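Please have a look at the structure first.

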Amino acid sequence: MLVKENKLSFLLIFALLLISVCANAAERSEIQVTSVGVIGNSQIDQDYILSVVKTKPGGTLERDNVQTDVEAIYNQGFFSFVDVDIRPEGGGVGVMFSVQENPIIESINFTGNTMYTSEQLMTEVFSQAGTVFNRQFFRNDLDRIQERYHNDGYVMVRVSDVQIQGGNIYVTILEPQVGDIIVQGNVKTETKVIRREIKLKRGDIFNVIHFRHQLGKLQGLGYFEDVNVAFDVPEDDGKTVDVILTVKEKRTASVGLNLAYGTESGLSGGLTYSDTNLWGRGYRFEIGFSEGDEASYWTTLSSPYMDAHTYGWRVGVRYRSYEDRYYYRRGIRQFEYDEKSIMGYVGIGKKFQNEEWSWFLTLRNEKTEYDDIHNAIPGYFDELTMWDGTNQTVELSLTWDKRDEYSPYPKGFVWDTNFEQSVKALGGEYEYLKYWTQARFYMSLNHVLTGAFDIGSMWTDENPLLFAARLRIGSTSKEEIPAYARYSLGGMNTLRGFSSRSFEGTNMYMGNFEIRVPVASMLSIVGFYDIGNADDTMDWDDYHDNFGIGARIKTPFGSMRVDYAKGEEENRTYFGFGEMF
């Protein structure tokens, strides 16, 4: 620029100056600087300008220093032109820097910005109207604008042009939009099943944070061994970016072995066949059985994906039988009995526009039979067999899910509210309303222990020390409902220190609390406490509780679960798969 152009003229001036002062400096080897000044400035103080100058009055004139001074003044950013004039003065030379100030800012204007308003961008700008334009300051302003975009995930956004017209500054923001979204490598899985997990659409401003979350959800489906992403910017078009997804599919069908052990129910086991991506449409299919004192046979087919425009659905049939099952009332064993039931169901649901909220409606038909009542204690009363028959129910579930679906561990909370109406109009024999609500909460405790322990070597952000809690409360519209429809507590999925269905009634409350402690990549230890009661009255003072310890071991069949619970009268051990909640 002008600074570089001045170098040649400066050398010429410097040479002429040496000749002109040669006679007066014959006996001296150095040229002394008698004065240093600035002309052409009206807004910028002379002392501020000269603060970066090495050439000082009384010092020696050095060519390299003077040239450096010109560049330093220019680099202050306030000037469009900087020159220097060196003239003989009082036995030495006077150095006068000539500057031309940048215009005073009248306005700063943004174009191309859609993610943020111009007012929002101006909060990142220190340069203001009424001040002299400074190139360095404004470059920092533009860096802060770009940093704001990048921190919010818009990493492809850039400032494409800056024009200065008098005192008006025009800044052009380029926000690249999503062009084509190309899916390749899928043979079995339908492209629409993949695309619905990637919420990007043509014309969206690309956001890497949102895309990373969507990509994590796609990988979490379990359909693919690998998912690779590439980006392509069409030639001569910096305004759009094409997204290319390349997937490598894996087998989604599997055969599973189920084993479980309960202190009361004994050993049971069975087989399941499942496919989590049936026909490549994202359907889930399962058929299986388990044998033992508690035997089950079932088959289910579902389409779990749903959003504000897509319905999820499920259908299924289950046959279940119990032999020598204990019947409890208020924690007291009354007798043993056998039970058989067959149930069919169909359900459909959808998310609201705010997709944290969803609803699901399920129709059920269940027929139950009781027989072979035996080992009754003297004075028992029969309130079981009177409930033989068919029950038709309509259940509405409302869910508010605030969990982070992209987190590698459960994080956040989910709240369910359910209404189950039994109706005779659909062929059932009973009529009642049953309603309950449940909240589950999951929170990492790593931050609580930071500083007290070296948690980095023990628990990572991907596998943290975790607090988990479940709270449930429910009631009914009638004092008496069928035995199989009553709330019941006890067993490996509710109160672990008690027998299955130890407590039954038309009202219920329960709390489960766990501390899940990773000790290795494949092993976690769990400490737990359970409390609650089910009865025909809601007596908060009449509760039952237990505590215990468990282990979770990751296996090819899923997370194996072992719990040892200490109840009020006896201790119980459970063996199964998966977390309790």
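## The protein as a whole

Two residues are in contact when heavy atoms of theirs lie within 4.5 Å. In this predicted model, take the contacts between residues at least 6 apart in sequence: 57% of them join residues at least 24 apart.

The protein has 581 residues, and 43% of them count as buried. Eight helices and 27 strands are found in it. Its accessible surface comes to about 29,900 Å², and carbon and sulfur atoms account for 55% of that.

## A nonpolar patch

Which residues make the nonpolar surface patch of about 860 Å²? They are Val-255, Leu-257, Leu-271, Tyr-273, Ile-287, Phe-289, Tyr-297, Val-317, Tyr-319 and Ile-342. Strands S10 (253-262), S11 (266-278), S12 (283-291) and S14 (312-329) each supply at least two residues of this patch.

Let's pick out one member, Tyr-319, which sits in strand S14.

## A negative patch

Strand S14 turns up again here: S14 and strand S16 (357-374) each supply at least two residues of a negative surface patch. The members of this patch are Asp-293, Glu-294, Glu-323, Asp-324, Glu-369, Asp-371 and Asp-372. S16 gives the largest share, three residues.

How values were computed:
Residues numbered from 1 in each chain as written. Predicted model: local features only at pLDDT ≥ 70, side-chain atom pairs only at ≥ 80, totals over all residues. Heavy atoms only, no water. Patch = residues over 30% accessible without salt bridge, like charges linked within 9 Å, V, L, I, M, F, W, Y side chains within 5 Å. Areas by Shrake-Rupley, 256 points an atom, 1.4 Å probe, with all protein chains shown as cover. Salt bridge = Lys/Arg side-chain N within 4 Å of Asp/Glu carboxyl O. Helix = DSSP H or I, 4+ residues; strand = E, 2+ residues; numbered from the N terminus. Lys, Arg positive; Asp, Glu negative; His and termini not counted. Charge placed at Lys NZ, Arg CZ, Asp CG, Glu CD. Buried < 20%, exposed > 50% of the residue type's maximum accessible area, 1.4 Å probe, protein only.
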